[in-house]
Structure formats: structure tokens, C-alpha cells
Amino acid sequence: MSEWAIEVEHINKTYMLYEKNSDRIKDALGFGKRKRGKEHHALKDVSFSVKKGETIGIIGTNGSGKSTILKIITGVLTQTSGQVKVNGRVSALLELGAGFNMEYTGIENVYLNGSMIGFSREEIDKKLDAILGFADIGDYVYQPVKTYSSGMFVRLAFAVAINIEPEILIVDEALSVGDVFFQSKCYKKFEEFKASGKTVVFVSHDLSSISTYCDRAILLNKGEIIQSGDPNTIIDLYKKVLVGQYKPESEGNHPEKKQDTNGWKEQLAKNPNCQEYGDRAVEIVDYAVLDDQDRHSNTLLKGKPFRIKVKICAHEKVDDPIVAITVRDVKGNELSGTNTMIEHKNIGHLEPGEQRVVTFTQMNQFQGGEYLISLGCTRYETDSFQVYHRLYDVCNIIVVSDKDTVGYFDMISTIEIE
């Protein structure tokens with residue numbers, strides 16, 4: 001018996017992209033010798049194997065081919081070339097709506113999905129209480145799923161997928177829809193799966209989950225596998241991809257040296273819709289986020305120090321400008337922040353053309369997740385507040401955590417039991 005649950009061998013997936021539907025129709029009907037479309041290679045010679053009992057995470061930027069490879073493994077898509085071998089009963093939770101009839105009730109969809117996987121009605125009857133208990137959506141199970149919120153939908157879909165005793169569970173980003181308590185329950189189920197020798201393959205942008213639950217991670221970029229191995233090593237490599245610092249080995253992907261102070265912001269994933277305003281008497285000309293290894297990166301480890309650097313340049317004579325940083329959640333709620341005035345650090349007098357670099361160093365106690373950074377340069381005049389330059393939500397940070405408590409911050413509690 002094979003030790004491999006999944007074997008992916010030299011998979012290629014190519015799509016034809018057309019500017020006009022008429023060109024697509026002409027190619028389909030065989031008009032002319034020249035193809036009118038442009039080839040798009042979603043996957044290029046992808047090969048990997050997953051051992052039975054392994055939990056594997058697949059990460060990569062949007063459009064890297066993560067969902068495509070999962071759909072090929074589960075048979076939803078057909079590869080252009082290559083071979084996939086799956087040894088065991090598979091349960092898959094791909095995109096919302098996959099495998100569900102929106103007109104059916106929750107109960108009816110449970111039986112529909114179970115029968116599609118190969119269970120008889122009697123077998124589903126025995127599992128029904130466990131499925132409904134895990135989903136915990138109450139009497140909504142008797143309503144058509146088209147009336148469900150996305151959170152309720154994913155609860156039911158995951159409950160079905162995980163309670164039908166699969167040997168291989170495949171999940172694509174679906175858990176990001178549920179609330180934190182439901183996600184916690186799902187990840188506990190992952191641990192139970194691992195303990196019972198079952199196989200889990202999942203795609204996620206939640207790097208904390210990849211670090212905590214995976215035995216191995218695979219990094220995809222532009223349809224190709226860059227590397228697979230220890231999750232934390234792969235996450236570090238992913239950080240380089242995110243900020244455009246990754247180079248293939250053939251181009252000399254050597255360990256980074258400390259960056260100089262030119263073009264810090266070009267090494268960050270910036271917000272293209274950043275709001276900025278101010279009279280620019282003093283301008284924020286550069287900024288950086290540095291992790292605990294002093295690398296330019298939007299991805300930070302919880303419990304480790306990190307730095308935010310802000311470079312300002314005066315265009316007029318100014319006394320004691322105030323430089324500020326603020327951290328907000330993705331809904332826009334201000335969570336924390338500080339400035340040079342609060343910290344009793346005076347910048348002093350600036351002449352036109354003079355620059356200062358202000359560095360904020362702090363311990364990262366945010367929970368795992370994504371946050372937004374805002375920067376500002378202001379000054380209190382005698383009777384007024386003057387805004388020189390503000391950059392709202394200029395970039396994001398992604399916090400990787402192996403232990404999340406309740407709320408936005410970890411209270412760093414210690415517990416004694418006597």
C-alpha cells in the first residue's frame with residue numbers, strides 16, 4: 001500500500017484568454033489556422049506528494065495557482081497535462097456554493113452532499129446529529145441556503161465536509177468567512193484529524209494557521225512551485241515574494257543585507273488607494289516596516305519587536321513637528337498608536353531641505369491577522385492644530401501568531417494553578 005495520499009506529477013493547466021467573445025467562438029469552430037487567443041499558464045510543471053497523515057498548507061499571492069491545483073486534485077478541473085493520484089476518500093470545501101443547491105434547505109443539502117460523496121441515506125442519518133451540532137446554526141437548517149449569511153453557509157459546508165469521515169480533507173480559504181470561535185473549532189478538528197492519521201491540505205492567506213497547524217508548506221508563485229518545506233522557512237520566503245525581493249536561485253537569491261535608506265517604501269506592499277492630505281510644509285518622503293530580523297517586511301511575528309521608520313523632509317522653516325503612527329483594523333477602528341509628542345521626543349527646528357528619520361520600536365502583541373498602518377506629521381500652533389502630511393492606511397501588516405487570545409491584544413497573562 002502506498003504511503004502517499006496525494007501524488008501530483010508534472011501538472012500543467014493552460015487557459016486561452018480572448019479579448020472578444022467572437023474570437024473565442026471562431027477558435028472553437030475552427031475558423032482559420034491562427035489561434036486568436038493568448039495562452040495563460042495557470043500551472044507550470046507542478047509536482048509534489050502528500051504523505052498519509054500530513055497536514056500541508058499551500059500559500060502564494062493571488063493568481064499563483066493555489067485554488068487551481070486544489071480543484072484539479074478534487075476533480076473539479078481537468079489538467080491540460082500531467083497526472084494526479086489520490087489514495088483515499090476525499091472531502092473538499094472549496095469555494096462557497098460549490099456542491100450546494102441554493103434552493104434546497106440546509107438539511108436537503110446535507111443529504112445531497114453526502115450522496116455525492118457516496119454515502120447512503122441511512123449512513124447520512126447516523127451522521128446528521130454530528131453535522132448539525134458542529135454547524136450550530138439552529139432552525140436555519142430548515143430554510144433554503146440562499147437565505148444564509150456567508151458565515152452560516154460556511155459553517156454548514158464545513159460541518160458536512162469534516163463529519164463524513166474522509167481520509168483526505170481539502171479546504172480552500174473557506175475558514176476566513178467564519179468567526180474566530182468557529183475557526184477555533186475547525187482547527188481543533190484539524191488536530192483530531194492529524195492525531196487519527198488523516199490527511200489535510202489547505203490553502204490560506206492566514207500565515208498564523210500555516211505556521212501552527214502544518215507539517216509542511218508549499219509556496220506557489222505565478223503557477224510554479226518555488227519551494228516546499230518547513231512552514232516557517234516557507235513563510236519567510238513568501239515575505240520576499242510579497243515585497244518583490246525574491247529572486248530565483250539562478251539569479252542569486254542570497255541572504256539579504258541590511259537595506260539602506262533609499263526607497264524603503266518600494267520594498268513594502270503599499271495601499272494603492274491610500275488617502276493623503278496636508279499642506280506639505282513638512283512631507284513624509286519615505287517609510288518602512290522592519291521585522292525582528294531587521295528585514296523590510298509587512299509580515300511580523302507576534303511577541304517579537306518590530307520597527308516603523310518615518311522619514312520627513314521640511315519645505316519651510318518648522319519648529320518641533322510631531323510624527324505619529326496609528327494601527328487600525330480592516331474595518332477602520334483605531335487600535336493603537338503613538339507620536340513623538342506623547343513619547344516626549346522633540347524633533348527640533350528644521351530648515352528647508354532638512355530631513356529627519358523617526359524610528360518607532362515596539363513589541364508586537366497584536367493577535368494574528370491583518371492590520372493597517374497610518375502615518376502623520378503635524379504640529380500644534382498657539383491656538384490651532386496644523387496638518388503637514390497624513391497618509392491613511394498607507395500599508396498593511398500581517399501578524400503571524402501561534403497563540404491568539406480574545407480581542408485585539410494579548411494581555412501576556414501568566415497562570416498559576418495550586
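**Helix H2 and onward**

Author: The buried residues of H2 are Lys66, Thr68, Ile69, Leu70, Lys71, Ile72 and Ile73. Keep in mind that this is a predicted model.

Reader: How many residues of helix H2 are buried, out of how many?

Author: 7 of the 8 residues in helix H2 (residues 66-73) are buried, so the helix is largely enclosed by the rest of the structure.

Reader: What follows H2?

Author: Gly75 follows H2, and its phi is positive, near 85°.

Reader: Switching to the sheet. What is the strand order?

Author: The order is S5-S6-S7-S3-S8-S9. That is an open sheet of 6 strands with mixed pairing.

Reader: Which strands stand at the edges?

Author: Strand S5 (90-93) and strand S9 (224-229). Each has a single partner strand, so one side of each is left without a neighbour in the sheet.

Reader: And what does the twist average?

Author: From one strand to the next, the twist averages 15°.

Reader: How do S3 and S7 run, parallel or antiparallel?

Author: Strand S3 (residues 55-59) and strand S7 (residues 199-203) run parallel, joined by 4 bridges. Thr55 stands opposite Val200 in S7.

Reader: Which strands does helix H5 lie across?

Author: H5 (residues 150-163) lies across S5 and strand S6 (168-172). The helix runs at about 170° to S5.

Reader: On to the core. How many residues are in the largest nonpolar core?

Author: The largest nonpolar core has 49 residues. Those with the most contacts inside it are Ile59, Leu156, Phe158, Leu169 and Phe190.

Reader: Which element gives the most to this core?

Author: H5 does, with 10 residues.

Reader: What does Leu169 touch?

Author: Leaving out residues up to four places away in sequence, Leu169 touches Ser91, Ala161, Ile162, Phe190, Phe193, Thr199, Val200 and Val201.

Reader: What about a second core?

Author: A second, separate core has 32 residues, including Ile312, Val323, Val394 and Cys395.

Reader: Charges next. How many salt bridges are there?

Author: The count comes to 17 salt bridges, taking a side-chain nitrogen of Lys or Arg within 4 Å of a carboxyl oxygen of Asp or Glu.

Reader: What is the salt-bridge partner of Glu224?

Author: Lys44, with the closest N and O atoms 3.9 Å apart. This pair links distant parts of the chain, with Glu224 in strand S9 and Lys44 in strand S2 (residues 38-51), 180 residues apart.

Reader: How accessible are Glu224 and Lys44?

Author: Glu224 is partly exposed at 39% relative accessibility. Lys44 is partly exposed too, with a relative accessible area of 30%.

Reader: And which residue forms a salt bridge with Glu103?

Author: Lys146 does, and the closest N and O atoms are 3.0 Å apart. Glu103 lies in the loop between S5 and helix H3 (106-117), and Lys146 in the loop between helix H4 (121-135) and H5, so the pair ties together parts that are 43 residues apart in sequence. Glu103 counts as exposed, at 52% relative accessibility.

Reader: Last one. Which residues are linked in a network of salt bridges?

Author: Lys302, Lys403, Asp404 and Asp410 are linked that way. Within this network, the side chains of Lys403 and Asp410 meet at 3.2 Å, N to O.

Reader: Is Asp410 buried or exposed?

Author: Asp410 is buried, at 9% relative accessibility. Lys403 is partly exposed, at 44%.

Terms used
Residues numbered from 1 in each chain as written. Predicted model: local features only at pLDDT ≥ 70, side-chain atom pairs only at ≥ 80, totals over all residues. Heavy atoms only, no water. Pairing = 2+ DSSP bridges. Helix = DSSP H or I, 4+ residues; strand = E, 2+ residues; numbered from the N terminus. Axes fitted to C-alpha atoms, helices over the stretch in contact; angles between N-to-C directions. Contact = heavy atoms within 4.5 Å. Buried < 20%, exposed > 50% of the residue type's maximum accessible area, 1.4 Å probe, protein only. Core = buried A, V, L, I, M, F, W, Y, C linked by side-chain atoms within 4.5 Å.
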